[in-house]
Amino acid sequence: MRTEEIAGRLAALSHPARLAILEYLSGNDGCACRDVVGCLPLAQSTVSQHLKVLLEAGLITHERHMPRSTYRLNREALRSVSLQLNSLVDQCCSVSCCGSGKT
């Protein structure tokens, strides 16, 4: 994964509401926007904007099935971010990288 893609996904993860949305989606196999709105103290328009950011970052997927659309957690994308971030932290904190390994 390119650094720009990781940075974009980390930026999408940087808002508490978006983390709450991901947590909610992780416990459900597909939800409509109104389902997500029902679990957060936010207006529908605000939730829609947060869903858009998560969708653009590739952290969720969106399927349009009339009469409702379904959002799902993209577990592979989230797992990839986790692996990449862990790798970066390990690299930055290794003895060879940081000298003594102490901060």
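Where does His50 lie? His50 is placed in helix α4, which spans residues 44–56. The structure is a predicted model, in which local features need pLDDT of at least 70, side-chain atom pairs count only at pLDDT 80 or more, and totals for chains, interfaces and linings use all residues. Residues are numbered from 1 along each chain as its sequence is written, and side-chain values use heavy atoms, with hydrogens and water left out. Helices (H or I, at least four residues) and strands (E, at least two) are DSSP runs, numbered from the N terminus.

**Helix packing**

- Two packed helices are described by the angle between their axes and the distance between the axes.
- Helix α1 (residues 3–12) and helix α5 have axes that come within 10 Å and cross at roughly 110°. This arrangement makes α1 roughly perpendicular to α5.
- Helices α2 and α4 pack with their axes 10 Å apart, at an angle of about 75°. They are therefore roughly perpendicular to each other.
- Helix α2 contributes Ala17, Arg18, Ile21 and Leu22 to this contact, while α4 contributes Val47, His50, Leu51, Val53 and Leu54.
- Axes are lines fitted to C-alpha atoms, for helices over the stretch in contact, and angles run from 0 to 180 degrees between N-to-C directions.
- Angles under 35 degrees count as roughly parallel, over 145 as roughly antiparallel, 65 to 115 as roughly perpendicular, and the rest as oblique. Contact means heavy atoms within 4.5 Å.

**Selected residues and their surroundings**

- His50 counts as buried, at 9% relative accessibility. Buried means under 20% relative accessible area, exposed over 50%, and partly exposed in between (1.4 Å probe, protein chains only).
- Leaving aside residues up to four places away in sequence, His50 touches His15, Ala17, Arg18, Ile21 and Leu42.
- Val37 belongs to helix α3. Not counting residues up to four places away in sequence, Val37 touches Leu42, Gln44 and Val47.
- The C-alpha atoms of Val37 and Gly27 are separated by 15 Å, and these residues are 10 residues apart along the chain.
- Gly58 is found in the loop between α4 and β1 (60–65). Its relative accessible area is 18%, so Gly58 is buried.
- With residues up to four places away in sequence not counted, Gly58 touches Arg9, Asn74 and Ala77. Between the C-alpha atoms of Gly58 and Cys33, which are 25 residues apart along the chain, the separation is 17 Å.

**Salt bridges**

- Side chains of opposite charge can pair when their charged atoms come close. A salt bridge is a side-chain nitrogen of Lys or Arg within 4 Å of a carboxyl oxygen of Asp or Glu. By this rule, the structure has 5 salt bridges.
- One of them joins Asp29 and Arg72, whose closest N and O atoms are 3.4 Å apart. Asp29 lies in the loop between α2 (16–26) and α3 (33–39) and Arg72 in strand β2 (residues 68–73), so the pair ties together parts that are 43 residues apart in sequence.
- Asp29 counts as exposed at 66% relative accessibility, whereas Arg72 counts as partly exposed at 25%.
- Arg72 also forms a salt bridge with Glu63, with the closest N and O atoms 3.1 Å apart. Glu63 counts as partly exposed, at 32% relative accessibility.
- Arg68 and Asp35 meet through their side chains in a salt bridge (3.5 Å, N to O). This pair links distant parts of the chain, with Arg68 in strand β2 and Asp35 in helix α3, 33 residues apart.
- Arg68 is partly exposed at 30% relative accessibility, and Asp35 is partly exposed at 24%.

**Nonpolar surface patch**

- Leu10, Leu85, Leu88 and Val89 make a nonpolar surface patch of about 290 Å².
- Patches are made of residues with over 30% relative accessible area and no salt bridge; like charges are joined within 9 Å, and nonpolar side chains (Val, Leu, Ile, Met, Phe, Trp, Tyr) within 5 Å. Accessible areas come from the Shrake-Rupley method with a 1.4 Å probe, and for residues only the protein chains shown count as cover.
- Helix α5 (residues 75–93) gives the most to the nonpolar patch, with 3 residues.
- Leu88 has its place in helix α5 and is partly exposed, with a relative accessible area of 45%.
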